[in-house]
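Here is a short briefing on one protein model. It covers the sheet, the helices beside it and the nonpolar cores.

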Amino acid sequence: MSAKHLGKGSTCPPLQRGKLRLYSMQFCPYAQRCRLVLDTKKIPYDVVNINLTEKPDWLLERSPLGKVPALEVDGQTIYESMIIADFLDEKFPQRPLLPKDPMQKAKDKILMEQFNMVISAMFKLFYSYNHRMDQDFHAEIVAALDVFEKELSVRGKPFFGGDKPGMLDYMIWPWCERADLLTILGGEQFKLPKEKLIRLMEWKKAMKEDEGVRVSYLDPEIHAKFLKSRMAGTPDYDLLVSGH
């Protein structure tokens, strides 16, 4: 069950003692990055969901750019998903997610940056949905994912983090969770080629079974329903709210 998204005219809920506060949006992949880290490390937190179409004025006091995710800790707020993730990994050392080796950490961060090519191509493809989904964007996605397919092969482990997921795994997961939207929205011709992405498909299956992933995981059909509402100009933020 999700909490209702708060918008203009709402009051910011009081902070809960002993918990961090994540300002989020239920379907935001960047906010999901932060939830994955919080859930994997079992850090106590509460979530305040934001209506991003009608943002409450009090959000700007905490996130000056009006963006989610934002994390409030001891009266101070930080934003940007990977900055929040790094902060949490350093402040809460249980279940460390970043490699200790400086070179490996640097290489993983390069791959996180490189994954922006996948994110950009998916964004362009989804937002061409109301017109005609472009095969060129699909080809961009497959080419960008090939880098990660090869990297998994080189590492020889089920996850980029080794025998269990690490920061790189969690930072790219939200878009991999949404990968089936390509087929749902565009048909079979937009399906990712399993024969070219064998290791990534095995990785995806293993990630779905991860304890930290299961907390925030949503079925692709639910993601598709929200995306269609957003494309229609009436985003159904409270799609998962009971009684909605």
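How many bridges join strand β3 to β4? There are 4, and the two strands run antiparallel. The model is predicted: local features need pLDDT of at least 70, side-chain atom pairs count only at pLDDT 80 or more, and totals for chains, interfaces and linings use all residues. Residues are numbered from 1 along each chain as its sequence is written, and side-chain values use heavy atoms, with hydrogens and water left out.

**Sheet**
- Four strands form an open sheet in the order β2-β1-β3-β4, with mixed pairing.
- Strands and helices are DSSP runs numbered from the N terminus (strands E, at least two residues; helices H or I, at least four).
- Two strands pair if DSSP finds at least two bridges between them.
- β2 (45-49) and β4 (76-79) are the edge strands, each pairing on one side only.
- L71 has I78 in β4 as its bridge partner.

**Helices on the sheet**
- Helix α1 (residues 29-41) lies across β1 (20-24) and β2, at about 155 degrees to β1.
- Helix α3 (residues 81-91) packs on the sheet and touches β1, β3 and β4.
- The direction of α3 makes about 35 degrees with that of β3.
- Axes are lines fitted to C-alpha atoms, for helices over the stretch in contact; angles run from 0 to 180 degrees between N-to-C directions.

**Nonpolar cores**
- A core is a set of buried Ala, Val, Leu, Ile, Met, Phe, Trp, Tyr and Cys residues joined through side-chain atoms within 4.5 Å.
- Buried means under 20% relative accessible area (1.4 Å probe, protein chains only).
- The largest core has 56 residues; L20, L88, F115, I141 and W203 have the most contacts inside it.
- Helix α7 (residues 167-177) gives the largest share of this core, 8 residues.
- Leaving aside neighbours within four places in sequence, F115 is in contact (heavy atoms within 4.5 Å) with L145, F148, I172, W175 and C176.

Technical notes
Buried means under 20% relative accessible area, exposed over 50%, partly exposed in between (1.4 Å probe, protein chains only).
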